[in-house]
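Visitor: I am new to this structure. Please show me how to read a few of its features, one at a time.

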Amino acid sequence: MFPKRNRKKFTALKIAFIYLVVSSLWILFSDQLILGITDRVEVTARLQTIKGWVYTLVVTGLLYELIRRSRRSLEQANNLLLNIIEGTPDAIFVKNWQGRYILCNTATAKALNCTTEEVVGKSDRDLFGEAEAQEIVENERSILESGQPQTLEETVQLSQETKTFLSNKYIWRSRQGQPKGIIGIARDITERKQLLEDLRRQTHSLQALSAVTANAISTLELDDLLHVLLQRIAAVIAADAAIIFLYDNGTLYPRCGVGIPERKLERYGQISIRGLANAIATQNQPIYIEDIQRDKRFRAASEKTRSWMGVPLKRNGNFVGVLQIEWHDLHPYSEQEIHLLEITAERCAMAILNAQLYETTKQLQERLQLQIERMPIGCILHDRQMKFTDWNPAAAEIFGYSKSEVLGKHPYELIVPAALQSEVEEIFQTLKSGHFSARSVNKNITKDGHLITCEWHNTSLRDAKGNFTGVLSMVKDITEHQSIQDRMWRYAFYDAVTQLPKTELFLKRLEQMLQEYQNQERGTFALFYLSLDRFQFIKYSLGHNIAKQLCMAVARRLESYSPTPAMLARIEGDEFAIILETVAEHSDAIHICQQIQNELVKPFHLSGHEIFTTASIGVVLSSLPNIDAESFLQAADTAMHSAQIQDTANNYVVFDEQMQAEATRKFQLDLDLRRALDNQELMVYYQPIVSISDRRLSGFEALLRWQHPLQGFISPAEFIPLAEEIGLISSLGMWVLYETCQQIRAWQQAYQISFPLTVSVNISAMQLKQPNFIEQIDSILNTTGIDPQNLKLEITESVLVENTQQIIRILEQLKARKLSICIDDFGTGYSSLSYLHSFPFDTLKIDRSFVRRIGIETESESVMHTIVVLARNLNMEIIAEGIETLEQLAHLQNLGCEYGQGYLFSRPEANSAIAQLLASGNLHL
């Protein structure tokens with residue numbers, strides 16, 4: 001490549017050469033062209049003139065274009081150079097031979113706090129002080145004389161501000177190489193110089209601080225530490241004396257000093273405490289006094305002291321004491337020295353706090369060791385290999401080994417059974433891996449070989465870097481406590497009679513199995529819910545003790561039958577539940593129900609009694625979707641109740657979707673029934689009771705009816721058992737009794753009734769159990785004002801087998817109030833005909849099941865004949881219910897039955913229909 005100047009020269013020669021060639025060719029060919037056009041002289045002359053004009057015009061145009069392009073190229077180069085100069089943050093300037101600025105960029109003017117116009121034309125003497133300008137002039141003269149560029153560091157004063165520039169200066173030469181002036185590039189390095197100076201000072205301070213605190217902070221003995229610190233501080237700042245006051249319980253006291261005789265330290269300190277030291281403690285700030293002998297505020301502890309300085313010793317807001325420094329000669333004030341002493345004081349405070357903490361820790365360790373020795377629970381320390389390093393007397397009492405016998409031994413060698421070593425190892429590894437603590441209950445071996453239960457609280461020990469160093473174990477012998485807890489747990493979750501799990505434990509296991517089934521971790525299983533038939537009859541006939549024995553015998557028989565794996569529980573009373581995991585489908589469940597029934601049908605021999613029982617069984621399979629344990633058990637209970645009410649030989653039902661819908665309906669019916677009375681949905685209907693001999697009306701039976709707003713009439717067979725189940729039957733029964741008594745009174749007042757009209761009202765077993773039953777009867781009789789002889793209370797036969805003596809007392813109180821009492825549904829319960837005379841009944845009502853079988857079963861007719869004869873012998877009236885045919889009526893007439901009711905005579909009717917009947921006067925039905 002050619003140098004730039006050579007390239008320009010070559011270009012100019014090339015243009016001149018081209019111009020010469022083109023001009024020669026133009027002259028040659030243009031002349032030839034003219035000669036070829038004409039040979040006339042005057043024409044030729046004119047063409048030559050025109051040729052000259054054309055040539056002049058073309059050459060002029062070419063020269064103009066070349067000049068224009070050269071000027072534009074030069075302008076672009078100048079603009080580029082100007083942008084570069086203006087864009088740099090460094091000051092760029094040019095001076096002529098006389099030292100005046102002929103060019104400078106904006107950065108130069110800004111550095112001089114001027115504009116470029118104010119700089120150009122001026123010399124350094126116009127801009128800087130005389131001494132500074134003279135130095136700059138001499139430096140530039142040296143550059144001009146030597147002809148060599150120089151890099152200079154120049155400091156100048158500008159508008160009360162001192163700035164330092166790093167300048168690169170070299171000679172500005174003409175095209176002929178002659179010096180014309182100076183070109184300079186300067187950078188403001190004022191901040192960098194200040195940073196370097198600050199760094200130097202900090203380095204000096206750190207060196208001084210290091211000289212004071214090096215190795216001293218590692219000293220934990222407080223007196224030695226303070227002495228070393230004071231000696232080093234005095235040496236670093238050339239002090240004649242130094243003293244440290246420590247703060248304790250609100251009081252400063254001199255703890256250590258150098259340059260002061262020890263015998264005078266106490267007196268010396270007292271003077272300072274009353275003066276300067278106390279002022280520092282109060283203000284919590286450094287104090288410097290250049291000449292304390294002349295200061296009126298404070299008194300010097302020594303006549304030799306001239307300059308005095310004190311700084312508070314504090315760390316993270318904790319005031320530790322005061323550091324006091326003295327000089328015997330005047331010592332000038334230094335911010336750097338104050339700052340150094342403050343940092344040193346903080347380091348000293350940290351070292352003092354560490355030393356004090358060490359002393360406190362040492363005392364605490366001694367106390368802790370004493371507490372460990374006297375601790376009532378075992379305290380054991382292990383090293384990294386889990387070997388014993390400490391063993392308190394309580395541990396010795398638990399395990400029987402003395403401290404000397406266990407130190408250095410591993411737990412596996414002495415107190416951990418071989419079968420449990422893997423579990424203990426897992427705990428140790430957990431603690432080693434980063435866990436802070438681990439609690440466990442383990443079996444351990446004592447020195448004499450006994451197996452005990454211990455509760456362990458293990459805590460990992462780590463050093464400051466987090467490295468595992470051992471384990472602290474707290475241990476307590478809980479053998480007796482565990483035994484009591486086991487008994488309490490068994491009492492809480494196991495039935496005391498059968499020793500089977502209770503409902504709570506059963507539900508926990510069921511919930512776990514359902515979760516596993518839903519997670520596809522186990523196969524299909526089934527829940528069997530059993531209720532013993534005739535259990536209440538057995539309990540009240542043979543006593544509670546026999547009933548308990550029966551429950552125990554049933555439990556043992558179910559345990560011996562149930563295939564494994566299974567769980568058997570007593571839910572309540574005579575109800576049991578079994579979980580079987582071997583049931584895959586519906587047919588398997590039916591087969592197991594049959595096997596259970598076959599086992600239970602065998603007689604039980606209990607205290608000289610041979611007892612027979614069966615069970616109603618409800619079954620639910622785990623394939624039932626989206627159900628929890630409570631609902632699962634409830635589903636089985638629902639199936640069991642369905643089995644109880646079905647009229648088949650097989651008393652077992654497998655829960656299905658229809659039963660679920662029925663259970664849902666029953667739940668909704670429960671809610672609706674609770675609101676029915678308030679919503680006036682309940683009403684009393686009346687069914688006539690007639691004389692069988694002449695079919696004349698003799699009375700009515702009051703029957704409760706429910707007209708549901710959405711479902712219409714609900715059968716009493718459905719809602720009466722529900723009312724008994726949910727505890728509403730007592731309030732409903734009293735409402736029916738009150739409504740009936742009011743109606744009797746209304747009929748008596750409205751119509752002339754020539755016969756003693758009686759209305760029968762059913763009384764439930766739950767009503768009879770109410771402690772205020774008699775008071776409620778009295779209240780209704782008094783409120784309505786009816787004659788008690790117009791009211792007859794019907795009691796079902798099943799009530800008689802429960803609390804016989806209590807029932808007799810209640811019935812006698814009713815009889816004393818001249819109320820008639822009827823035994824309802826006779827022949828369907830468990831009462832004995834031999835003790836029927838024990839109850840003060842006035843009327844006996846034959847159950848409809850016997851009437852329905854008239855003409856079908858001779859056995860039923862024989863039973864009815866016996867009942868009629870018995871009632872006559874006991875002077876009771878006889879009512880047959882459910883009469884629907886003339887054949888049934890004729891047969892009852894032949895038996896001598898006095899009264900009857902049924903659809904043959906009339907259905908139950910509302911009050912309005914009965915009112916029309918009474919108003920008509922036609923009382924023969």
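Guide: Start with N284, which counts as partly exposed because its relative accessibility is 29%. Buried means under 20% relative accessible area, exposed means over 50%, and partly exposed is in between, with a 1.4 Å probe and protein chains only. This is a predicted model, in which local features need pLDDT of at least 70 and side-chain atom pairs count only at pLDDT 80 or more, while totals for chains, interfaces and linings use all residues. Residues are numbered from 1 along each chain as its sequence is written, and side-chain values use heavy atoms, with hydrogens and water left out.

Visitor: Where does N284 lie, and what is its phi?

Guide: Most residues other than glycine have a negative phi. N284 is not a glycine, yet its phi is positive, at about 55°. N284 sits in the loop between α10 (276-283) and β8 (287-289). Helices (H or I, at least four residues) and strands (E, at least two) are DSSP runs, numbered from the N terminus. R695 also has a positive phi without being glycine, near 60°. The loop between β23 (682-691) and β24 (697-708) holds R695, which is partly exposed because its relative accessibility is 25%.

Visitor: Is D672 buried or exposed?

Guide: D672 counts as buried because its relative accessibility is 11%. It belongs to helix α22 (residues 657-676). Not counting residues up to four places away in sequence, D672 touches W706 and H708; contact means heavy atoms within 4.5 Å.

Visitor: What does G400 touch, and where does it lie?

Guide: G400 lies in the loop between α12 (393-399) and α13 (403-406). Leaving aside residues up to four places away in sequence, G400 touches A395, E405 and K447.

Visitor: How do I read the packing of α19 and α20?

Guide: Two packed helices are described by the angle between their axes and the distance between the axes. Here α19 (residues 544-561) and α20 (residues 586-600) pack at about 135°, with axes 10 Å apart. Axes are lines fitted to C-alpha atoms, for helices over the stretch in contact, and angles run from 0 to 180 degrees between N-to-C directions. The two helices are therefore oblique to each other: angles under 35 degrees count as roughly parallel, over 145 as roughly antiparallel, 65 to 115 as roughly perpendicular and the rest as oblique. On the α19 side, V554, R557, L558 and Y561 make the contact, and on the α20 side I592, Q595, I596, E599 and L600 do.

Visitor: At what angle do α18 and α19 cross?

Guide: The axes of α18 (residues 535-542) and α19 cross at roughly 140° and come within 6 Å, so α18 and α19 are oblique as well. F535, I538, K539 and L542 of α18 meet H544, I546, A547, L550 and C551 of α19.

Visitor: Which residues touch the most other members of the largest nonpolar core?

Guide: A nonpolar core is a set of buried Ala, Val, Leu, Ile, Met, Phe, Trp, Tyr and Cys residues joined through side-chain atoms within 4.5 Å. The largest one has 79 residues, and L673 and L814 touch the most other members. Helix α24 (residues 729-750) gives the largest share, eight residues. Apart from this core lies another, of 35 residues, including L500, C593, I617 and L621.
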